[in-house]
Amino acid sequence: MAESWVNSAERIGSDLHLELSGGGSRRAALSRALRAAVQDGRLAPGTRLPPYRSLAADLGIARNTVADAYAELVAEGWLTARQGSGTRVAERAAPPPGVRVPKRSAAAARPAHNLVQGQPDTGSFPRTAWLAAARRALTAAPNEAFGPGDPQGRIELRRALAGYLARARGVRTTPERIVVCSGFAHALRLLFGGPGGGGSGGVLRGPVAVEAYGLGFHRSLLDAAKARTLPLTLDEHGARVEELADLPVPVRALLLTPAHQFPTGGPLHPGRRSAAVDWARTSGGLILEDDYDGEFRYDREPVGAVQGLDPERVVYTGSVSKSLSPAVRLGWMVLPEHLVDAVVTAKGEREAWASVPDQLTLADLIDSGHYDRHVRRMRQRYRRRRDHLVAALAESAPHITVTGIAAGLHAVLRLPLGTEASAVKAAAWQGVGVEGLSDYRHPAAPDRAPDGLVVGYATPPEHAYAAAVEALCRVLPPPPGGPGL
């Protein structure tokens, strides 16, 4: 018998292929086969082996032969045997010889203290409320909801969003003007085309004016869609929209984060909001409003959406990535009437991006009031975190100015000139995940803001936040003229 299959699936949960070949006794052949299976990774550490009787019956050999082979491998350290636990593959400190272990990607490596912006506290996801909403929504859902999805989005969610956005963000819309998507990046792909945009090449063309600081990922999406980006400089009042008239080429769209400029912070000045709308009206252009964290404000009155000034000249976008979780791939576009059909066509004939059960669940969460309650609760929690950060910096690094903290989930720490790169390096060395402000600067931006760090104070879990702030304070540069890092 050169080889045999171990077919003990009913007893141990899996099949095992063993080659009983070579010279020597049956026990020696079985020992070699088991050793080889462990070495090449087919038998992973912790795997439970079949009992003597089962394996003997499968292989057609004596039970004592299996028992002796197991005992030999236990003595050599390949297997372990414990009363009540059976015989298992030993937990080995090093991978078996000849087995290549892939290196972890940079994205998989997590810092000990994660203060990178971009996500809420994942431990605060409202699991109980979400589960209850899902049960109610799925129970009430009509049968047709489980067929091919409407690319515009479920009417239940669009109705809920129309009401919520009107009262919470000052958006003027109807359900018919809302298109559900999977987030802002998806919205850009639908508007301008590019990979993942849907069934067409997008609905907008031409260059786009953007803020001098923003997410490079968004700029790369526009670049992939052949939409050139031209930066507008920033000051304490936000983007200088008057520079639209001086750009080297006319633009068709203006991308803004007016409620809380990303990442420098601060709302767009009311005069500039009006000027942006005036530009759109006179030029026939569009404003793309990214309201990425508009629900979270602390020391100021709510800043409503620019869309409320002119719904026909503004594409308003939002998502639950900051309010709930980036794992819930749900966002929305509030569109001028003349763009709705084109965007739905670009999306395709069927919903391919946003799960219909998730849409129904979010609609119930909003209609039941649980979404509002969750946002209010998280607003209070993030405000406490922001206050903790500001107090710690005032005590440990009073020479560091903190900006952009009246709203949102991140802060910008202004550093002494020429210290940003060394601070980011020191932070990485100490296991503190944080990003430099220069990482967000448009390559063609004519100005350069002071050195800084972008600190996501919402990211760490609650129990780890104090330690993360303490670690951050230890790696900040000293005041000019002080000791080195």
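These legends walk through a few close-up views of a predicted model.

In this predicted model, local features need pLDDT of at least 70 and side-chain atom pairs count only at pLDDT 80 or more, while totals for chains, interfaces and linings use all residues. Residues are numbered from 1 along each chain as its sequence is written, and side-chain values use heavy atoms, with hydrogens and water left out.

**View 1**
Taking a disulfide as a pair of cysteine sulfur atoms within 2.5 Å, the count is zero.

**View 2. The largest cavity, about 80 Å³ in volume.**
A cavity is a set of points on a 1 Å grid over the protein atoms alone where a 1.4 Å probe fits but cannot get out; lining residues have an atom within 4 Å of a point. The volume is the space filled by probe spheres set on the points. The whole structure holds three cavities of 30 Å³ or more. Among the residues lining the largest are F262, Y292, D293, K322 and H410. By class, this lining has four nonpolar, six polar and two charged residues, with Gly counted as polar.

**View 3. The second largest cavity, with about 50 Å³ of space.**
Its lining includes Y164, R169, D291, E295 and W332. The elements giving two or more residues to this lining are α6 (155-169) and β13 (314-319). Four of the lining residues are nonpolar, three polar and three charged.

How values were computed:
1 Å grid on protein atoms, 1.4 Å probe; cavity = no way out; pocket = protein on both sides within 12 Å on 5 of 7 lines; lining within 4 Å. Helix = DSSP H or I, 4+ residues; strand = E, 2+ residues; numbered from the N terminus.
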